[in-house]
Amino acid sequence: MIHYIEEVKTKVRLQEGVQVIEQLLVASYMRPGISTKELARHTYLPVPVAAAIKKELIKAGALIQDRGVRCTDSGKSYIEHELGYGGIDIDLYQKLLAGEVDWQEELSDVLARLTEILEMRPQVDVQIDQSQCTVETSLRRAILCLREHSLIGKNILCLGDDDLVSISLGLLLKRLFPHVKDQRTAITVMDIDERFLQFIQGAAAKEGLSVTCRHIDLRQPLPEVLNGQYDCFFTDPPYTLQGLTLFLSRGISSLKREKGCPIFLSFAHKSPDFTWSMQREFVRMGLSVKQVLLHFNQYIGAQMIGNSGQMIVLTTTEFTTPRVTDSFEDELYTGEVRRTVRTYRCIQCQGELQVGVQGDFSTIEDLKKQGCPVCVNHTFTWLAKKTI
């Protein structure tokens with residue numbers, strides 16, 4: 001079979017990256033008779049550039065000009081078998097892509113199943129900056145991946161996945177391809193927490209999802225075999241500048257060496273000074289900011305960040321390179337970077353307890369779980385915090 005995208009890539013010099021060729025092809029498949037102007041609007045390309053790509057795809061035999069632009073039989077076969085769109089629910093795909101429907105209602109069955117799964121996930125470990133996003137947020141991230149044309153037929157990486165985005169991606173694919181057993185999309189989870197890896201692997205096996213889990217400590221460079229393999233990645237790193245830089249660096253190393261690869265970065269809303277430092281890191285790593293979706297992520301019990309965070313969609317450029325390539329020896333997590341001790345009072349015996357790196361308990365979760373050492377009460381009020 002002719003690999004149309006590779007063939008056209010050699011004939012049209014694109015600053016946007018090869019992904020737009022695929023998007024133009026798929027748009028022609030989904031909407032037979034689409035005009036060149038609509039193709040340009042769909043791919044965010046200038047009309048002359050969209051016309052040039054269309055022309056080369058017609059020459060290659062993938063498209064035909066017939067009352068608009070349509071796929072040839074060969075083009076359809078390529079999209080269905082090589083790009084992985086065979087058997088897709090076109091109506092649902094178009095509705096989700098256009099945002100024309102209430103996705104929570106449209107995907108109520110997926111949301112219900114995901115709720116059952118997420119209710120069973122392990123308790124978060126706040127010492128490594130884990131926090132639980134809501135079920136809706138997890139699925140919303142998967143839908144965003146679809147809308148960014150980074151889901152179907154792609155190799156997707158989740159760098160840390162206590163939010164179970166991998167499961168949301170898999171369940172959304174099952175809904176989009178109701179009669180297809182073997183998906184071309186492959187999802188990989190890398191995490192240091194073996195509890196979540198075991199849980200995700202078990203849930204994926206039960207649901208019949210293509211998810212592979214790897215126990216990885218991102219302080220160390222990725223194994224060479226994992227570099228340059230992925231089309232996009234998700235990450236919700238520790239909310240420190242060091243955590244941001246490390247996780248993005250490892251993710252960049254994992255991506256294919258192409259322009260336009262998306263990065264889905266979930267991060268807390270920060271002060272103007274911190275945001276400036278964060279954006280400086282993007283520039284240093286050669287990343288382009290495509291969009292910032294404020295309050296996109298909603299969390300459970302994450303008062304420190306107001307129970308919400310932003311989604312920043314980044315894309316790679318020809319200048320993209322990781323900032324961290326060797327072993328990482330610096331402080332990483334919030335509790336390491338901001339070494340604090342917090343004082344809590346037991347509401348029953350009024351005893352005061354220290355929580356933190358030099359306290360009686362490492363975290364408030366540990367204190368609540370073990371209870372007051374004097375009266376075994378499990379409810380406490382916060383009094384004060386000091387930085388060491």
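**Strands side by side, then a helix pair**

Guide: Let's start with strand β3 (residues 132-133), which pairs with strand β9 (residues 287-300) in the antiparallel sense over two bridges. Strands here are DSSP runs of E with at least two residues, helices are runs of H or I with at least four, and both are numbered from the N terminus. Two strands count as paired if DSSP finds at least two bridges between them. This is a predicted model, where local features need pLDDT of at least 70, side-chain atom pairs count only at pLDDT 80 or more, and totals for chains, interfaces and linings use all residues. Residues are numbered from 1 along each chain as its sequence is written, and side-chain values use heavy atoms, leaving out hydrogens and water.

Now find Gln132: it stands opposite Ile300 in β9. Strand β9 also runs antiparallel to strand β10 (residues 308-316), joined to it by eight bridges. There, Gln298 stands opposite Ser308 in β10.

While you're here, have a look at a helix pair too. Helix α6 (residues 90-98) packs with helix α10 (residues 165-176) at an angle of about 130 degrees, their axes 9 Å apart. The axes are lines fitted to C-alpha atoms over the stretch in contact, and angles run from 0 to 180 degrees between N-to-C directions. That makes α6 oblique to α10; under 35 degrees is roughly parallel, over 145 roughly antiparallel, 65 to 115 roughly perpendicular, and the rest oblique. Leu92, Tyr93 and Leu96 in α6 meet Leu172, Arg175 and Leu176 in α10, with contact meaning heavy atoms within 4.5 Å.
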